[in-house]
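This report looks at selected parts of one structure. Please view the sequence and the model before reading on.

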Amino acid sequence: MSFEIKEKDLLGRIGKLKTKSGTVETPLLFPVINPSIQPVPTRRLKEHFGFEAVITNAYILKKRYGDIVTEQGLHGFLDFDGAVMTDSGAYQILVYGGVEVNQAEIVDYQERIGSDIATMLDIPTGWHVRKDSAKVTVAETLKRAKALFKLKTRQDILWVGPVQGGRHLDLVQKSAKAMGKLPFQIHALGSPTEVMEGYRYDVLVDMIMTAKMNLPLNRPLHLFGAGHPHMLALAVALGCDLFDSAAYALYARENRYMTENGTWRLNEMDYFPCQCPKCASSTPKAVLEMLDKEREVFLAEHNLHVCVAELKRVKQAIRDGRLWEHVEMRAHAHPALLSALKRVTEYEDFIEKFSPTAKQSGLFFFDYVGLSRPEVVHYRKRLQERYRPPEDVKILLLLPQTRTKPFHKAEEFKKVRQTISRVQNDKLGCMHICFYAAPFGVIPLELDEVYPLSQHEVAQPLDQEVIDYVASQVAAYIHRSPCKAVVLLHDQKTWGATVKKQCRTACTKKSVAFECLGVHGEASKEILTRLEMILKKNLSE
Ligand SMILES: [Zn+2]
């Protein structure tokens with residue numbers, strides 16, 4: 001196996017990809033090398049920036065340099081001793097129409113120059129493409145994919161099988177399923193430049209997830225044409241392992257300055273929000289006054305530094321189990337990214353299935369977007385599928401979450417606990433104590449300390465979507481509980497009327513008694529006396 005997964009969070013993973021020029025760590029960003037206009041020498045990319053791999057275009061090499069590359073070898077020609085990936089020229093077909101090269105030639109060329117990772121000559125679907133044309137690109141790519149395994153002669157090159165279909169998700173699904181059955185080591189998703197330029201990251205989420213759900217998960221996925229640091233975390237979280245960036249150089253030529261939160265125009269900047277070796281010792285004004293070439297190199301190098309830094313942050317977030325928090329942070333840099341994160345809700349079941357949910361660190365819960373995170377989805381499913389509410393219970397006692405955790409040890413809960421013990425001493429019958437809490441919903445007291453039910457922080461006040469979610473979880477739990485009465489300690493200030501309303505409706509439906517007592521923080525003496533009375537009354541019935 002050429003790909004080994006070491007760490008996981010969400011669908012993101014830190015992996016080792018073995019190539020004939022060495023093992024590289026994923027998530028991996030390949031800077032795109034254009035030998036004729038390369039602002040940063042390839043050797044420097046490795047030595048100064050630590051890039052273990054680069055990507056270049058085999059079609060352009062063949063056309064411009066032909067046998068020079070064959071003779072020197074790809075690594076010698078580029079002066080790069082890391083892993084080199086080659087693209088086949090498929091993108092040029094998309095942009096300029098037909099290419100005067102056929103698959104046999106480009107496969108043979110990539111083998112002769114010694115690519116470590118090579119790409120078949122697929123047919124990119126593109127963006128504004130009608131379904132019937134898109135279908136043709138999927139079918140023709142698949143036909144060529146099958147032919148590739150008869151054409152190729154070397155065994156030490158990793159071959160990339162691109163998934164096509166564009167925004168026609170049923171075609172993406174079909175393409176992914178079929179390509180995944182062929183013995184490719186790596187898959188790729190053609191992400192049309194239009195999706196990126198139009199900031200349609202929500203569409204990109206659909207495309208990535210459709211491909212991901214239908215490809216073998218143990219093969220790395222390359223997201224073509226995507227390498228902007230502000231969307232890297234999101235793409236990694238959805239299971240993309242490999243990226244390429246031509247943007248670092250293209251943007252530099254256009255005086256555009258990358259940051260992990262978006263791209264700024266150099267002439268609109270007064271300060272550099274970056275301490276990379278370039279920015280630390282300069283100012284936007286000084287860079288604007290540089291000669292064109294010098295400025296281009298400055299910006300290209302800064303852009304690379306930003307990409308590397310963000311990649312490292314994403315990897316650390318995977319290791320710490322905090323990739324969701326990192327994605328949420330980045331998503332708030334641009335509405336299009338937040339729209340994309342909201343879109344992830346559609347795929348929460350799949351992500352939950354393959355994401356680790358037991359972690360070392362606690363969770364930060366900001367708003368309802370976090371309801372889609374795997375830990376919340378996992379708990380909901382577990383409670384429904386694996387947890388059986390205790391039998392022979394007369395009362396279901398629902399208590400509001402406390403500021404401190406675990407809830408049952410909280411100071412606010414102390415007097416209620418004493419009241420409950422007093423009632424229980426009378427041995428009138430059983431009651432089951434549960435907390436209702438954001439974001440997890442219903443937490444039976446005996447599970448209160450199970451991870452992550454006590455290991456999270458929630459932003460207050462809660463938004464209505466979160467309140468609605470918890471209320472619906474409470475109602476669902478009442479429906480399942482064999483109790484004869486529900487007693488709710490109702491914290492109106494935190495929960496408004498929603499939880500109470502849903503409880504009452506659920507009780508009416510089930511024809512069980514419903515009692516409600518208002519509290520906020522510590523319960524008053526009067527409330528405790530009433531609670532004791534209500535509990536005793538319902539237990540004796
Ligand atoms: Zn910088």
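## A strand and its neighbours

L397 stands opposite V487 of strand β19. Strand β15 (residues 393-400) and β19 run parallel, joined by four bridges; strands pair if DSSP finds at least two bridges between them. Strands here are DSSP runs of type E with at least two residues, and helices are runs of H or I with at least four, numbered from the N terminus. β19 also pairs in the parallel sense with strand β20 (residues 513-518), over six bridges, and there E515 is the bridge partner of V487.

Strand β19 (residues 485-490) is mostly covered, as six of its six residues are buried (under 20% relative accessible area; exposed is over 50%, partly exposed in between, with a 1.4 Å probe and protein chains only). A485, V487 and L489 point one way, whereas V486, L488 and H490 point the other way. In a regular strand, side chains alternate between the two faces of the sheet.

## How the model was read

The model is predicted: local features need pLDDT of at least 70 and side-chain atom pairs pLDDT 80 or more, while totals for chains, interfaces and linings use all residues. Residues are numbered from 1 along each chain as its sequence is written, and side-chain values use heavy atoms, leaving out hydrogens and water.

## The zinc site

C274 (SG), C276 (SG), C279 (SG) and H302 (ND1) coordinate the zinc ion at 2.1 to 2.3 Å. Donors are N, O and S atoms within 2.8 Å of the metal (3.2 Å for Na, K and Ca); water is not among the atoms, so sites may look incomplete. Along the chain, the donors follow the spacing C-x1-C-x2-C-x22-H. Both C274 and C279 are buried.
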